[in-house]
Amino acid sequence: MQPPNRPWVAPGPAGGSPPHGPHAPSLPASLPRRLLRLAAGQAVPLLALAVCAAGLLGFALLADMLEDGEHRFDEALMLALRQPGDAAQPIGPPWLALAMRDLTALGGIPVLGLLSLVALGYLLLARQGRAALLLLVSLPGGLLLNTLLKQGFDRPRPALVAHLVDVQTLSFPSGHAMLSAVGYLTLGALLAGAAAQRRQQGYIMGAAVLLVLLIGASRVYLGVHWPTDVLAGWCLGAAWAMGCWLVLQVSGWRRRDR
């Protein structure tokens, strides 16, 4: 009895070639999932690093503009926020100026200091030592840095329009813009870290960013800062807050590796 005929298959090249088809070896099905999980786990630190780098670059560019004596952008924006022909009267209804005064107070040292002390007390009671250290370093360190930079650049307050609130310090960079970015972004990052869902984390950080933007805009509307002062304060404040947070995260990773 003859064996059944089998289809002829052409031999492969010398040395063989990797098999194809359903029996070919493939990567584990879980590998893409693991890579996605790894990328998602590092997304927040990478984003914080990007914000830190972009903030430092933005501040350097604005400082270079200041050294070149470029003021057309500042003057055009400040005059656009005043009534035509009357630099003492801001645009908008009377209640808008009152609202801007209230908003600008949220970026002052008394409010930021009080909120930080309340948050610090809670963190100490909850035995969150690393988070408490972040608060202790970020806001006082940001205040010291802002004071040194104001003295170094020595830019006077704008005299182009009337000031709607009293000010005593120098102008560049804006202390309210910088310190509100440091304070509220740091507090937002701590609150977001305790949130369970990503949409909750996004809401918290979005609210913090919006508050920082409103505080900075109020300084320009009230006539006490050039727009570039506020932009520089936002850039440096965000970079300082994210830098402090990254240092805290790196120290935590090293501790876990031990």
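Leaving out residues up to four places away in sequence, Ser 174 touches Asn 146, Lys 150, Arg 219, His 225, Asp 229, Val 230 and Gly 233. Contact here means heavy atoms within 4.5 Å. The model is predicted: local features need pLDDT of at least 70, side-chain atom pairs count only at pLDDT 80 or more, and totals for chains, interfaces and linings use all residues. Residues are numbered from 1 along each chain as its sequence is written, and side-chain values use heavy atoms, with hydrogens and water left out.

Ser 174 sits in the loop between H5 and helix H6 (175-194). Ser 174 is buried, with a relative accessible area of 0%. Buried denotes under 20% relative accessible area (1.4 Å probe, protein chains only). The side chains of Ser 174 and His 225 form a polar contact of 3.4 Å. Such a contact is a pair of N or O atoms within 3.5 Å; within protein, one must be able to donate a hydrogen and the other to accept it, and residues adjacent in sequence count only if both atoms are side-chain atoms. Gly 216 lies 42 residues from Ser 174 in sequence, yet their C-alpha atoms are 8.1 Å apart.

The protein contains eight helices and two strands. Helices (H or I, at least four residues) and strands (E, at least two) are DSSP runs, numbered from the N terminus. Their order from the N terminus is α-α-β-β-α-α-α-α-α-α. Of the 258 residues, 36% are buried. Among contacts between residues at least 6 apart in sequence, 78% join residues at least 24 apart.

Helix H5 covers residues 129-153. At 1.5 Å a residue, its 25 residues should span 36 Å, and its end C-alpha atoms are 36 Å apart, which agrees. The expected span is 1.5 Å times one less than the number of residues. Buried residues of H5 include Asn 146 and Lys 150, both of which touch Ser 174. Asp 154 follows H5 and has a positive phi, near 55°.

The largest nonpolar core has 22 residues, and Leu 185, Met 242 and Trp 245 have the most contacts inside it. Helix H1 (31-68), H5, H6, helix H7 (198-221) and helix H8 (227-257) each supply at least two residues of this core. H8 gives the largest share, eight residues. A nonpolar core is a set of buried Ala, Val, Leu, Ile, Met, Phe, Trp, Tyr and Cys residues joined through side-chain atoms within 4.5 Å.

Notes: Buried means under 20% relative accessible area, exposed over 50%, partly exposed in between (1.4 Å probe, protein chains only).
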